[in-house]
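Open the model in your viewer and keep the selection tool ready. We will go from stop to stop.

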Amino acid sequence: MPVTGTKGLLSVVVGNTPESRGGLIAELRRTHPESVVLSVSVQEGLSGRYPVVQRLMSPPGKRLTSPASLGSTGDPVVILRQDLVSLRRAENGVHVILALPEQIDLLPFLVQLWRARLGADSLEDHYEPALVLAGISPDALLTDICCVHRAVQVWGGGDHREPLTPAEISARQVEAADALVIAGSRADDDEREQAAGALLRHLNPRAGVVTLDRVVARRPASGRVLTRAQAPEPMRAQWEARLEPLGSPYASPAPSRDISTVVWRARRPLHPERLADALGEVMCGVLRSRGQLWLASRPDAVVTWRSAGGHLEIREADRWLEADSSPAWQAASPLRRTLACWYWDEQNGERRNEIVFTGTELDLGRITNALDGALLDHAEFSMGREGWLRLRDPLLGEV
């Protein structure tokens with residue numbers, strides 16, 4: 001059945017503390033008093049497969065087909081899509097502020113939420129997406145980005161659950177946002193606010209960074225910026241592109257305060273044993289790093305590198321595209337195909353190493369020397385893939 005009437009506007013709000021998220025929502029409500037807040041919490045269900053999704057609507061009303069104040073067990077993507085469609089069908093042009101908890105892995109969740117499902121209403125038929133907003137408490141950010149001693153189960157949509165450290169959750173939330181609003185800092189702690197702002201600009205250089213005080217002081221202009229609509233297809237394409245294991249080339253922001261970002265690149269495979277030995281030198285002072293490796297012991301695999309705080313994860317995530325792999329090329333995204341053509345080498349295809357490091361007092365020379373020393377030398381490179389497969393691999397184990 002075709003959808004008629006005026007599309008709604010959907011603002012997504014997250015926060016690294018309930019207070020920072022609540023402060024941002026309160027300001028949005030003051031700027032847009034007609035808006036509806038749909039607050040969500042996700043808790044592990046007794047069945048073990050799907051969580052309990054609790055929703056609370058403010059102001060309360062009879063806009064949903066089922067009571068949103070009651071918990072439902074199921075896929076959060078499906079439950080929230082149904083809630084949002086019900087709200088839009090009840091009111092043309094409704095502005096919904098969807099307040100998501102930290103237990104949501106934001107970027108894959110948004111991709112699943114906006115992806116059209118066979119036999120179900122498409123969200124883009126009902127809403128225009130506004131910018132994704134994150135309220136950031138400086139104290140929580142500077143604490144969580146180093147916290148790796150425990151794991152939290154997060155939900156990414158499509159039956160995707162993953163245990164992540166608080167450091168990884170904090171970094172992903174910042175990287176997924178379109179606007180970062182510093183809130184909840186103490187009035188006498190400008191230094192931590194400035195340190196948090198510097199870190200945010202390096203973790204997500206494409207996002208705007210403002211303080212909640214400035215948003216409040218410039219309420220009309222800030223309200224329009226923070227809730228402006230984006231075209232659904234480009235936004236979903238952008239979210240999917242950010243989830244690609246091989247990302248776009250990274251432009252480092254200028255160093256600020258004690259925070260800097262450096263990039264290491266190489267077009268020769270890495271020796272897995274020497275790379276493992278170099279990790280202590282490489283990771284000194286690193287708060288966040290992301291990238292991909294060409295590992296000699298896995299010559300056909302795209303190996304992703306991801307760290308937050310002191311936790312580093314290296315895993316196989318995809319396969320390198322080959323010159324004659326037509327089905328793989330057709331299945332790849334437009335971004336992946338473009339990057340593959342850009343980096344293509346007649347002998348090695350798109351294979352390459354690229355890691356982006358963000359941290360305190362990073363030394364590009366130290367990192368480069370340590371990683372360059374882990375690359376195969378000429379004799380090792382000449383062994384070819386059969387010889388590489390015999391290399392001991394303490395990182396991913398034997399093939």
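Start by selecting R150. Is this residue buried or exposed, or in between? R150 counts as partly exposed, because its relative accessibility is 44%. The model you are viewing is a predicted one. R150 sits in the loop between α4 (138-144) and β7 (152-155).

Next, select the two cysteines C146 and C147. How many disulfides are there? The count is zero. C146 takes part in no disulfide, and its nearest cysteine sulfur, that of C147, is 8.9 Å away. A disulfide needs two cysteine sulfur atoms within 2.5 Å. The sulfur of C147 has its closest cysteine sulfur in C146, at 8.9 Å, so the gap is too far for a bond. Compare their surroundings. C146 is partly exposed, because its relative accessibility is 47%. C147 has 11%, so this residue counts as buried.

Searching the whole structure for cavities of 30 Å³ or more turns up one. The largest cavity has a volume of about 80 Å³. Which helix gives the largest share of the lining? Helix α5 (residues 166-176) does, with three residues. Colour the lining by class: seven residues are nonpolar, one is polar and three are charged.

Move on to the nonpolar interior. In soluble globular proteins, nonpolar side chains tend to be buried together. The largest nonpolar core here has 52 residues. Select L10, L84, L98, L100, Y127 and L180, the members that touch the most other members. Helix α3 (residues 106-114) supplies the largest share of this core, seven residues.

Zoom in on L10. Leave aside its neighbours within four places in sequence, and L10 is in contact with L84, V96, L98, W114, L123, Y127, E128, P129 and A130.

For the last stop, select W264, A278, L293 and A301. They are among the 24 residues of another core, which lies apart from the largest one.

Key:
Residues are numbered from 1 along each chain as its sequence is written. This is a predicted model: local features need pLDDT of at least 70, side-chain atom pairs count only at pLDDT 80 or more; totals for chains, interfaces and linings use all residues. Side-chain values use heavy atoms; hydrogens and water are left out. On a 1 Å grid over the protein atoms alone, a cavity is a set of points where a 1.4 Å probe fits but cannot get out, and a pocket is an open set with protein on both sides within 12 Å along at least five of seven lines; lining residues have an atom within 4 Å of a point. Grid points are joined across faces, edges and corners, and a volume is the space filled by probe spheres set on the points. Helices (H or I, at least four residues) and strands (E, at least two) are DSSP runs, numbered from the N terminus. Ala, Val, Leu, Ile, Met, Phe, Trp, Tyr, Cys and Pro count as nonpolar, Asp, Glu, Lys and Arg as charged, and the others, Gly among them, as polar. Buried means under 20% relative accessible area, exposed over 50%, partly exposed in between (1.4 Å probe, protein chains only). A nonpolar core is a set of buried Ala, Val, Leu, Ile, Met, Phe, Trp, Tyr and Cys residues joined through side-chain atoms within 4.5 Å. Contact means heavy atoms within 4.5 Å.
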